[in-house]
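Work through the exercises below with the sequence and the model open side by side. Each task is followed by a worked solution.

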Amino acid sequence: MLYRFHSIGNFDTFGFRFNGLKESLEPLSDMILDAVFNPIFPENHFSIHKDEVRETIRLENDRPEKICLREFHEGIYGHHPYAFRNCG
């Protein structure tokens, strides 16, 4: 089985892209469907990520340019998701 798998995402879109041999398509499709419909979030990985996000937010709150940018986005976009931080 030979293939490459990529996922992409930003504020507006999310998607998958994969390249490979035709024989790899069905097993890869099965893996993607399993990941989408039966996601697994191991507590230790989730806990580490939460700690990283908290630290990032704490550091951003110490930087005037980040505070200014956050206030600007909240003023422009109000309660629209574009106003929210991209980390937490």
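**Exercise 1.** Which residues line the largest pocket?

*Solution.* The model is predicted, so local features need pLDDT of at least 70 and side-chain atom pairs count only at pLDDT 80 or more, while totals for chains, interfaces and linings use all residues. Residues are numbered from 1 along each chain as its sequence is written, and side-chain values use heavy atoms, with hydrogens and water left out.

Step 1. A pocket is an open set of points on a 1 Å grid over the protein atoms alone, where a 1.4 Å probe fits, with protein on both sides within 12 Å along at least five of seven lines; lining residues have an atom within 4 Å of a point.

Step 2. The lining consists of Phe11, Glu60, Lys66, Leu69, Arg70, His73, Tyr77, Tyr82, Ala83, Phe84, Arg85 and Asn86.

Step 3. Helix α3 (residues 64-77) contributes the most to this lining, five residues. Helices are DSSP runs of H or I with at least four residues, numbered from the N terminus.

**Exercise 2.** Is glutamate 60 buried or exposed?

*Solution.* Step 1. Locate glutamate 60 in helix α2 (residues 43-60).

Step 2. Its relative accessible area is 16%. Buried means under 20%, exposed over 50%, and partly exposed in between (1.4 Å probe, protein chains only). Glutamate 60 is therefore buried.

Step 3. List its contacts (heavy atoms within 4.5 Å). Neighbours within four places in sequence aside, glutamate 60 touches Lys66, Ile67, Arg85 and Cys87.

Definitions and conventions:
Helix = DSSP H or I, 4+ residues; strand = E, 2+ residues; numbered from the N terminus.
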